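These are my notes from a first reading of a structure that was new to me. I set them down in the order in which I looked things up.

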Amino acid sequence: MTKDNALTDTPNIDLPSWQDVDSDRLFPADRADHAPRILLLYGSLRDRSYSRLMVEEAARVLQKLGCETRVFDPSGLPLPDDAPVEHPKIQELRDLVMWSEGMVWCSPERHGAMTGIMKTQIDHIPLAPIGGIRPTQGKTLAIMQVCGGSQSFNAVNQMRILGRWMRLITIPNQSSVARAFHEFDEAGRMLPSPYYDRMVDVMEELTKFTLLTRDRAAYLVDRYSERKESLEELSKRVNMKQAT
């Protein structure tokens, strides 16, 4: 074996599961022309919820950028495993996740973490496929938090971990608003500030990433290990039928 061959010798790779990079799938000629579909989740049920006001302001920016938006109201959503999946609020949330091509998560920071309301919504989104489609894999995600005191990043850091775990394409930019009670007027509109500008930055970046990835999302997250596992399962089923 030559030195060059030794560098590319991969005897442990299952060749039927291997795929070279397909430029046609990575750069498809046909592209969707509908408005990017963005779902926004917030993490507080207070009458004057700053995370809700934040996502409502973000939704306005997204619509100005040409997106279609939906905001989920978590009021009435049961705790995980405390109600069947047929519960109307669970189904509403799951249907919206399936509809979406990208998401925005915005949580207050409570006791140094995202709120239980925020985590409950995320926990109701399954990793397993629904109707053969994974609800989150390959979709985009932007994360934001509002703080009652000085600026912190605990909630966004936690949500970034969750986004990665759920195989979402979590964009690099993020927003954390300090002393959120100073950043909104009496009507609930966000005041001009560097915090507002950063939120606009995040929504702009989310829109670009969604447009860039949505037509190739399935290919971007197509994995060798999963193809290999699927072939092995298929082989077992075929051999089982032959044995009977």
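Predicted model: local features only at pLDDT ≥ 70, side-chain atom pairs only at ≥ 80, totals over all residues.

Residues are numbered from 1 along each chain as its sequence is written, and side-chain values use heavy atoms, with hydrogens and water left out.

**Entry 1: the chain as a whole**

I looked up the overall make-up and found nine helices and seven strands in the chain, whose C-alpha trace spans about 70 × 45 × 35 Å along its principal axes. Of the 244 residues, 42% are buried, where buried means under 20% relative accessible area, exposed over 50%, and partly exposed in between (1.4 Å probe, protein chains only). For contacts, meaning heavy atoms within 4.5 Å, I noted that residues 24 or more positions apart account for 77% of those with a separation of 6 or more.

**Entry 2: strand β3 and its partners**

Which strands join β3, and in which sense do they run? Strand β1 (residues 37–42) pairs with β3 in the parallel sense over five bridges, and within this pairing Y42 has C106 of β3 as its bridge partner. Strand β5 also runs parallel to β3, joined to it by seven bridges, and here I found M103 opposite L141 of β5. Strand β4, by contrast, runs antiparallel to β3 with two bridges, and E109 has M114 in β4 as its bridge partner. The hairpin of β3 and β4 has two residues between the strands, and in it H111 takes a positive phi near 55 degrees. I also checked burial: seven of the nine residues of β3 are buried, so this strand is largely enclosed by the rest of the structure.

**Entry 3: helix α6**

Helix α6 covers residues 154–165, and its twelve residues reach 17 Å from the first C-alpha to the last, close to the 16 Å expected at 1.5 Å a residue; the expected span is 1.5 Å times one less than the number of residues. Where do the buried residues of α6 lie around the axis? The buried ones are A155, V156, M159, L162 and G163. They cover an arc of only 120 degrees around the axis, which puts them on the same side of α6, the arc being that of the directions from the helix axis to the C-beta atoms. R164 and W165 are exposed on the other side. The buried residues pack against several elements, including β3 (102–110), α5 (116–123) and β5 (140–146). After α6 comes R167, with a positive phi near 60 degrees.

**Entry 4: helix α5**

I then turned to α5, in which M118, T120, Q121 and I122 are buried. What covers these residues includes β1, α4 (88–99), β3, β4 and α6.

**Entry 5: rings**

I found one aromatic pair in the structure, using the rule that rings of Phe, Tyr and Trp (its six-membered ring) pair if their centres lie within 6.5 Å, with planes under 30 degrees apart counted as stacked, over 60 as edge-to-face and the rest as tilted. The rings of Y50 and F184 have centres 5.7 Å apart and planes at 40 degrees, so the pair is tilted. Because Y50 lies in helix α3 (residues 50–64) and F184 in the loop between β7 (175–177) and α7, the pair ties together parts that are 134 residues apart in sequence. Both Y50 and F184 are buried.

Separately, the charged end of R70 sits over the ring of W99, 4.3 Å from its centre; for this, NZ of Lys or CZ of Arg must be within 6 Å of the ring centre and within 35 degrees of the ring normal.

**Entry 6: two single residues**

Leaving aside neighbours within four places in sequence, L211 is in contact with R31 and P36. F27, in the loop between α2 (23–26) and β1, is exposed, with a relative accessible area of 56%.

Definitions and conventions:
Helix = DSSP H or I, 4+ residues; strand = E, 2+ residues; numbered from the N terminus. Pairing = 2+ DSSP bridges.
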